[in-house]
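Please read it alongside the sequence and the coordinates.

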Amino acid sequence: MTTVGSTTTARTASPAFPAGFVWGAATAAYQIEGAAHEDGRGPSIWDTFARRPGAVAGGDTGDVACDHYHRWREDIALMASLGLGAYRFSVSWPRVQPDGSGPVNPRGLDFYDRLVDGLLEAGITPYVTLYHWDLPQALEDAGGWTVRDTAYRFAEYAGVVHDRLADRADTWTTINEPWVASFLGYGAGVHAPGRTSADDAFRAAHHLMLAHGLAARRLREAGAERISLTLNLAPVLCPADAPSEADLAAVELVDSLLNRQFLDAALRGSYPDAVLERARRLGHVRDGDLAVIAQPIDSLGINYYNPTYVRAAPGAPENPAFPGSAGVAFPSVDLPTTAMGWPIAPDGLTELLLRLHRDHPGVPLVVTENGAAFDDVPGPDGRVADPARIGYLEGHLRAAHAALAAGVDLRGYLVWSLLDNFEWAEGYGKRFGIVYVDYADQRRLPKDSARWYAGVIARNGLEAP
């Protein structure tokens, strides 16, 4: 990788990224593939959760989504037209192993064979994510991520996919955003499988990380050269001008649950005190587990959207996504927001990258998700103008460039998302894509942001401000 000294840092210049910097886009299987009942695919926890009354906005499901299962050639052509160098997609576990273990579904693997071959023919590097939240329902019926056995079944599944695609896939990401899968899925109940138990959330988080370690070890033994883990990370900040000791304690607690629980386990082989206290009571962490989790990785994927703001607030009820957070408030801040209501704070990305560079030196970083939902509407000419998204992306790329200029080993940036898609509990009402999808007829319309991003890729940098 070109040294940081080769990047352009002057504020009045056009920020250039290092030679070889990877530009790409990301998606997830359940959000785009559709074909939920075709070619031997089994049900996932999201198929089940989406049918729970009131669980997903509008009663939407991923049954059809963007119909990528049938339209993948068209979607690869779109990627090529934008000049993407990499495409991060996830493999649907229930498409490959309908019951989560046992017999492999050859038609499921055939789909990913075709997809990877098509990407390579288009000159696009495939980045494989093995788990992006679509646990086979049969495994959930047996306890899901709250039981250790699921971690071992995941490692077996990882081996199956690797055996089929190892000769062509570049980077293998084990787990995507274990905090979301565990604390929103098993603690707050707002994601699949919709459980509401703090203890289950901690059990699930540990077993997801154990699954990462077991799969990483298996992949390495099978010859995988580039293994990654993707975490949703955020600076935890107190908006007060002069934070009190109680405010700082609130920051430390939430940072332990959101960030350090996963960073420390994967990169240091340890858990912060707030997690260890729960582990001692529950007894789900066994001797040797943390050594398994802390397998060497070749890059850390970072999904960044916004900081998390907290302050001490005696009497505030516990936030179910952060067990133990009674007395902590999560205030809104005076910043512009996306259609999700998330504050837009590009400087948080610089701060996060600098922290990772400082706390975990020697670990290459890749921004594997960054993007925003806005209320996009096609004009009469079919053009989808989305200046707010362009502003969001440009601000965050400038923030990433600032981190590069400060010495951070940042290797790439993958925009979220290539396509508008099924946005989990929000259904189809929130559009993150740089390509508009008309769900009535599945037309793809590149937004202005797609053309802008193509320009960034072509020049390997931004225009002068």
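Contact here means heavy atoms within 4.5 Å, while helices (H or I, at least four residues) and strands (E, at least two) are DSSP runs, numbered from the N terminus. This is a predicted model, in which local features need pLDDT of at least 70 and side-chain atom pairs count only at pLDDT 80 or more, whereas totals for chains, interfaces and linings use all residues. Residues are numbered from 1 along each chain as its sequence is written, and side-chain values use heavy atoms, with hydrogens and water left out.

The protein chain has 15 helices and 14 strands. Its radius of gyration, taken over C-alpha atoms, is compared with a globule rule of 2.2 Å times the number of residues to the power 0.38; the chain's value of 21 Å is close to the 23 Å that this rule gives for 465 residues, so the chain is as compact as a globular protein of that length. Along the principal axes, the C-alpha atoms fill a box of roughly 60 × 60 × 45 Å. Of the 465 residues, 60% count as buried, where buried means under 20% relative accessible area, exposed over 50%, and partly exposed in between (1.4 Å probe, protein chains only).

Helix H5 (residues 106-121) has 16 residues and should span 22 Å at 1.5 Å a residue, which agrees with its end C-alpha atoms being 22 Å apart; the expected span is 1.5 Å times one less than the number of residues. Among its buried residues are Leu109, Phe111, Tyr112, Asp113 and Leu115. The buried residues of H5 pack against the following elements, as well as against H7.

| Partner of H5 | Residues |
|---|---|
| Helix H1 | residues 29-32 |
| Helix H3 | residues 68-82 |
| Strand S2 | residues 86-90 |
| Helix H4 | residues 93-96 |
| Strand S3 | residues 125-131 |

Just after H5, Gly123 takes a positive phi of about 80°.

Helix H7 (residues 149-165) also packs with helix H9 (residues 198-221), at an angle of about 35° and with axes 8 Å apart; axes are lines fitted to C-alpha atoms, for helices over the stretch in contact, and angles run from 0 to 180 degrees between N-to-C directions. The contact includes Tyr152, Phe154 and His162 of H7 and Leu210, Leu214 and Arg218 of H9.

Elsewhere, Glu245 lies in helix H10 (residues 245-268) and counts as exposed at 75% relative accessibility.
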